[in-house]
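Dear colleague,

I am handing over the structure below, together with some notes on what was found in it. Please read the notes with the coordinates open beside them.

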Amino acid sequence: MEYSNCKCQATCEDPHSSLGCNNTCAEEEACICRAGFLRKGDQCVPPEECSCFMEDVGVIPNGQVNISTNCTRRCECQSNVLTCEDDYRCSSDATCEERDGLRKCYCNDGYTGDGQNCEVVATDCADIYNANITDSGVYTIKPTNWPGSPFEVYCNMTDGGGWTV
């Protein structure tokens with residue numbers, strides 16, 4: 001810190017001093033952070049020790065992700081740098097909701113994936129073929145009464161189709 005006449009300064013919560021201060025200085029003297037540091041409580045810290053700030057959301061802690069209410073925007077805070085994807089969208093087989101404090105796209109029952117890409121969880125290749133998917137290739141299945149997670153198999157969709165290889 002240094003002693004100066006500048007009253008307003010950038011903080012971890014408001015790194016650009018956009019919430020009413022706008023980097024204007026007052027005639028009063030005070031302790032402020034040196035250039036390259038941000039105020040975090042009563043300390044001056046490098047920006048990488050701060051969180052990110054979004055005007056419509058507030059503070060996003062380092063390493064955390066924020067998904068908009070309608071799941072159309074994903075923002076991530078890394079080293080006080082906010083990176084946003086405006087093309088975040090749920091699969092047509094997914095629902096945008098909050099579970100255990102985490103809002104994101106979740107695949108609907110009977111589907112598996114990351115929420116943006118959901119695939120049918122079939123019991124075998126015949127289920128996939130009967131869903132009018134007729135291209136041979138690798139698909140995810142979960143056989144009836146299988147206690148583990150779904151897994152990938154090769155499905156031969158020729159010669160009548162639906163053959164698990």
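Between which strands does the loop that holds Ser-68 lie? Ser-68 sits in the loop between β7 (65-67) and β8 (74-78), where strands are DSSP runs of E of at least two residues, numbered from the N terminus.

Please bear in mind that this is a predicted model, in which local features need pLDDT of at least 70 and side-chain atom pairs count only at pLDDT 80 or more, while totals for chains, interfaces and linings use all residues. Residues are numbered from 1 along each chain as its sequence is written, and side-chain values use heavy atoms, with hydrogens and water left out.

Ser-68 counts as buried because its relative accessible area is 17% (buried is under 20%, exposed over 50%, partly exposed in between, with a 1.4 Å probe and protein chains only). Leaving aside residues up to four places away in sequence, Ser-68 touches Arg-73, Cys-96 and Arg-103, contact being heavy atoms within 4.5 Å.

The UniProt annotation "domain: EGF-like", from an unreviewed entry, covers residues 80-119; its positions are given in the numbering used here, its feature name is shortened, and such annotations may be inferred rather than shown by experiment. Over residues 80-119 the chain is 0% helix and 55% strand, with the end C-alpha atoms 35 Å apart (helices are DSSP runs of H or I of at least four residues).

Elsewhere, Val-138 belongs to strand β14 (residues 137-141), and Val-138 is classed as exposed because its relative accessible area is 55%.
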